[in-house]
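This report describes a structural model, from overall dimensions to individual residues.

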2 protein chains.
Amino acid sequence: MNIPALHPTAHQRPAPAELLQALQTRFGAQFSSAQVVREQHGRDESAFDIPPPAAVVFAERTQDIADCVALCAQYRYPVIPFGVGSSLEGHLLAVEGGISLDVGRMNAVLAIHPEDLTATVQPGVTRTQLNAALKSHGLFFPIDPGADASIGGMSATRASGTNAVRYGTMRENVLALEVVTATGEVIRTGTRAKKSSAGYDLTRLLVGSEGTLGVMSEITVKLYPLPESVMAATCCFPTLADAVNTTIQIIQLGVPIARCELLDATTVRLVNQHSKLNLPESAMLLMEFHGSPAGVQEQVETVQAIASEFGAADFAWAATPEERTRLWTARHNAYFAGVQSVPGCKAITTDACVPISKLADALLASVDEAVAAGLPYFLVGHVGDGNFHMGYLIDPTKPEERELAEKLNHQLVARALALGGTCTGEHGVGLHKQGFLLEETGMGAVALMRTIKQALDPLGILNPGKIFAHAGLGNTSH
Amino acid sequence: MNIPALHPTAHQRPAPAELLQALQTRFGAQFSSAQVVREQHGRDESAFDIPPPAAVVFAERTQDIADCVALCAQYRYPVIPFGVGSSLEGHLLAVEGGISLDVGRMNAVLAIHPEDLTATVQPGVTRTQLNAALKSHGLFFPIDPGADASIGGMSATRASGTNAVRYGTMRENVLALEVVTATGEVIRTGTRAKKSSAGYDLTRLLVGSEGTLGVMSEITVKLYPLPESVMAATCCFPTLADAVNTTIQIIQLGVPIARCELLDATTVRLVNQHSKLNLPESAMLLMEFHGSPAGVQEQVETVQAIASEFGAADFAWAATPEERTRLWTARHNAYFAGVQSVPGCKAITTDACVPISKLADALLASVDEAVAAGLPYFLVGHVGDGNFHMGYLIDPTKPEERELAEKLNHQLVARALALGGTCTGEHGVGLHKQGFLLEETGMGAVALMRTIKQALDPLGILNPGKIFAHAGLGNTSH
């Protein structure tokens, strides 16, 4: 087992003074090397503890990104794109030093084409901001990672969330990009047409590349009409296996369910404590159905029949937005309920995804292992996709707890890989999954990824040390 | 306007005798340099006329592909993957010479996982073969280009077809690959999990790369449950504009239509002549609806209401497979009805795709231009995706007809690009669209594609001269 170091700073380089001077000159008030600003840009939701970037540039337009990257290229110094800082895997940490390139001020919705179901946004637009802009058009953008992440960050990590089971992930929903390459050149990939066979799929190559191949400056995404009818439901199961097996059957039958989320009894208990609720403390599925009134009714009946076979009880239904929000409180609060259940703890989160038929094997054994290890945890799952997360709650002052959490994480991911799954369904590789990526896809594919990285960023300035370790960090094999 | 030469053989190189000897030794009866075999592998559905490859290797397993590529790499000689030869854009032609690597014998369905809705196939499996294997499982694979293409060829060109409006294209439906790289190494990309954020999306980079980055040896695709209920319909419209505007409204309303195909009056007339039918000779939409009985009923009612607003008449309905096949005869026969309507003609086919709201602008003007030019043509469209094809019927002995057809093609594509669309929705770039690719995506993106090509295939042996012209062919600018 290869546990990533919490403080992998061996390769952190200070910024050349000439670069800092050049950035200051070019960007003026859009440049900051103040300690507090740097620290804001050197933290994410991961457990890594790494000194902050050397300085921060606040881009306000594409040309700012281009100029910042070009200057960093000139001085061969890392540049790290920054959205809202909600990465869970250390994507934005300056492991080799670097300039944080904050695109948060590039938060304009540039175009909404309701007639084509597309929108073009700057990378700093967050998903709730986009949805607010879409509401009057009767449209929505379905991808919803837990955090109110930026569309740029979501594109860079190939994010998904609760609606992906029906609407796909960023992979399926980004149509076109404007991107600043490693030399500071601005290129465009894709068009607003729904499909294309025009050359290499650069859009899909860049989506999920975690800022290592280019910096996105404009993103065109697909939109969807707000469903005519929406129904949400929660129900409880005698065992976790019953809830998982219900999910498997729903998916295998092709029910076009819009959301299918799982909490286990332990997590429901944490939510009850956190939010002063009285939910039955058993495994729970949270579901949502989108469609026409008749279509939704059909889905509901099918799902109810399946769930009842597995002993589901305590069905609760909600049709209005307010009722749905109330019903989903448990899901919305699960992460914070988990993290806040142990004062001062940090969460080591996992993110595995397996073929749907393997979900019970993957998930139940992982929960059993966590229980046996005695480490507090929470469990949430976008189970309709075969995707689940555990959060192991550790005392950051106790290395043995972190080691235990990483051991559980390793067992969980190894099992997912053995079952034909992936080491990350939606969080990305970042710093945390580099060893797993190699285990998952093999030396040949990782070597090919490295060849692409080397070709598109020969100076190695774009978010170095992510996806693949720095060659000197003892991971030369991948 | 830059019309690709019909006989661009300036760079065709003979095969080194040592290579042919080495292939003969390695492959024995799986190797052929017989003229008739070479000629079979030097023709596709495009209008180009190019001398055949130097020899053909019939791969029967992944190691055969690997060894063939490795030998070609050793002698720096092109290798061209071959499926069933149904390319429309010259993908398999030996413009720089080459060994045709025929994967048609690799036609095993390796695994069907009905419980996960996935199948893994060898590249020579055709779509009808796969669907025959799936039928007893109650599943199907929806991607259906006109020809009974191989899954390998469909993956390599990012193909789609009539069902793409609901089920997506090969881009959305290939989950994982086994690929032989330019050195003959075998790598794997992706997993059977539905989604992943594990590193660069090599699967999507390879899908649509037209054999220029690697040779696919195994393909894992998504499957779908056969719909509970299927209803097909055709209807006629007073004008072509009415049919197109009906389509636009159906898509904008988010109706989950499974197929939405268009023929214009001229094409229906050709079909009537070809198949001795009596269809009303007007613009026609052919539609199919998949879902539950109630869901299908709802879709049908919505679409009928929209179509009626645009003057639709002569609705014909079909619920059984036999009736549906009969109803769709016009669509199935359109290509051959077109090509056979002018004895001895060749079809120059186009393939543009635009944002749905621009479909009327793109399509109607192109038909008007064809009519004004007086060149026989046919028109078919996967219009639900904003994708349409015209086939200009030319006498191959008359260069002026070909020039006129290419001029119309150029106007059609230029208009599609101006409207925010793409120069190829599903046929690929091949030899025919190289200039358009540059116009569509710009120098920067094409340079980036070339950088990737150079990095992954530094010897330039994988299907050279496709997507990008040979540097010496006067296309050095892209």
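## Basis and overall form

Helices (H or I, at least four residues) and strands (E, at least two) are DSSP runs, numbered from the N terminus. By this definition chain A has 16 helices and 19 strands. The model is predicted: local features need pLDDT of at least 70, side-chain atom pairs count only at pLDDT 80 or more, and totals for chains, interfaces and linings use all residues. Residues are numbered from 1 along each chain as its sequence is written, while chains are lettered from A and ligands numbered from 1 in the order in which they are written.

The radius of gyration is taken over C-alpha atoms, and the globule rule is 2.2 Å times the number of residues to the power 0.38. For 478 residues a compact globule would have a radius near 23 Å, and the 22 Å of chain A agrees with this. Along the principal axes, the C-alpha atoms of chain A fill a box of roughly 70 × 55 × 45 Å. A residue is termed buried if 20 or more other C-beta atoms, placed from the backbone, lie within 10 Å of its own, exposed if 12 or fewer, and partly exposed in between. Buried residues account for 58% of the 478 residues in chain A. Two residues are in contact if their C-beta atoms, placed from the backbone, lie within 7 Å. Of the contacts in chain A between residues at least 6 apart in sequence, 73% join residues at least 24 apart.

## Contact between the chains

Chain A contributes 73 residues to the contact and chain B contributes 73 residues. On the side of chain A that touches chain B, at least two residues each come from α7, β9, α8, β11, α11 and α16 of chain A. The largest share, twelve residues, is supplied by α16(A). By class, this side of chain A has 26 nonpolar, 31 polar and 16 charged residues. Here Ala, Val, Leu, Ile, Met, Phe, Trp, Tyr, Cys and Pro count as nonpolar, Asp, Glu, Lys and Arg as charged, and the others, Gly among them, as polar.

## Helix packing in chain A

Helix α10 (residues 265–275) and helix α13 (residues 329–340) of chain A pack at an angle of about 85°, with their axes 8 Å apart. Axes are lines fitted to C-alpha atoms, for helices over the stretch in contact, and angles run from 0 to 180 degrees between N-to-C directions. Angles under 35 degrees count as roughly parallel, over 145 as roughly antiparallel, 65 to 115 as roughly perpendicular and the rest as oblique; α10(A) and α13(A) are therefore roughly perpendicular to each other.

Residues making the contact include A:Val268 and A:Val271 of α10(A) together with A:Ala334 and A:Phe336 of α13(A). The residues of this contact divide into seven nonpolar, seven polar and no charged.

## Helix α15 of chain B

The buried residues of α15(B) include B:Leu408, B:Leu412, B:Val413 and B:Leu417. Among the elements covering the buried residues of α15(B) are α14, β19 and α16 of chain B. B:Gly420, with a positive phi near 90°, follows α15(B).

## Individual residues

A:Asp314 lies in strand β15 (residues 313–318) of chain A. Its phi is near 55°, a positive value in a residue other than glycine. A:Asp314 counts as exposed, with 12 C-beta neighbours inside 10 Å.

B:Leu117 lies in the loop between β5 and β6 of chain B, and its phi is positive, near 60°. With 23 C-beta neighbours inside 10 Å, B:Leu117 counts as buried.
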